[in-house]
Amino acid sequence: MSASFFFRVRTGAIRSRSLGDGENLIGRDPGLWLSLPLEGVSRRHARVVPREGAFWIEDLGSTNGTFVNGERVAAEQLRHLDVVSLGRRTELVFVLPGDARPSATRIARASLVRAADGRVVALERGETMLGRAPECPAPALAPGVSDFHARVELSGTALVVEDLGPGTLVNDRPVATAALADGDELSLAGLEAYRVVIEAEPQLPLPQQAVRPAPDRSDPNATRYEWGPEERRALAELRRTLGRLGGGGD
């Protein structure tokens, strides 16, 4: 699936970078998929990965955080024209071509089913702590689990786990933070396992863009994309924001 980020570089020009099919790392370090040696950007700040026909951005424990449309996220599915902020001073606009824009979905319900006894932990919007502490909705049974071992956060579009203890695994892979999908196995240090259950609530398809004329090649913004009103508004806002901030680029 084709997708791109648009951002400003030192010359003031708006540049784009197409996303690859694997892990797309963003940060200050040279050699990353998108190297942004800017104030507030960590060496390895975030990554964008394709998953189930969509792109997800995941924060990699950055100092200043990763934000989608102004909301700090650990992991979030990206949608057409989302604004991704790395810290408070660097902004990227996520763009999907018209034929690649999927229908939006939201999470209706989510729960964890404990493997040891089949207990169902219904997850509410916001955060739920997992561990042995009495404050956890289903205190862990295994003695090697920490009091507060992991945190899961449910939003309208994502379920994310964050490790707080001596190891959290998703499908036998250690993670610091990860977006969870229906059917995943979540394990606390390999001692207590849960099956993830997510029920999606389908929504109406996103509005289709009107047929666009060929771009005006005299326009300095003209690229291989045919810009529609939404893209032009997003790029104009990006220019205004980055112009106020005066940031550079890679």
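## The largest pocket

The largest pocket of this predicted model has a volume of about 600 Å³, where a pocket is an open set of points on a 1 Å grid over the protein atoms alone at which a 1.4 Å probe fits, with protein on both sides within 12 Å along at least five of seven lines. The volume is the space filled by probe spheres set on the points.

Its lining (residues with an atom within 4 Å of a point) comprises 33 residues, of which Arg72, Val73, Ala74, Ala75 and Val160 lie nearest the centre. By class, the lining divides into 13 charged, 12 nonpolar and eight polar residues, and the strands that each supply at least two of its residues include β8 (71-73), β9 (75-77) and β15.

Beyond its neighbours within four places in sequence, Leu123 is in contact (heavy atoms within 4.5 Å) with residues including Leu112, Val152 and Leu159.

## Overall figures and basis

Of the 250 residues in the protein, 48% are buried.

Residues are numbered from 1 along each chain as its sequence is written. Local features need pLDDT of at least 70 and side-chain atom pairs pLDDT 80 or more, while totals for chains, interfaces and linings use all residues, and side-chain values use heavy atoms, with hydrogens and water left out.

Notes. Helices (H or I, at least four residues) and strands (E, at least two) are DSSP runs, numbered from the N terminus. Ala, Val, Leu, Ile, Met, Phe, Trp, Tyr, Cys and Pro count as nonpolar, Asp, Glu, Lys and Arg as charged, and the others, Gly among them, as polar. Buried means under 20% relative accessible area, exposed over 50%, partly exposed in between (1.4 Å probe, protein chains only).
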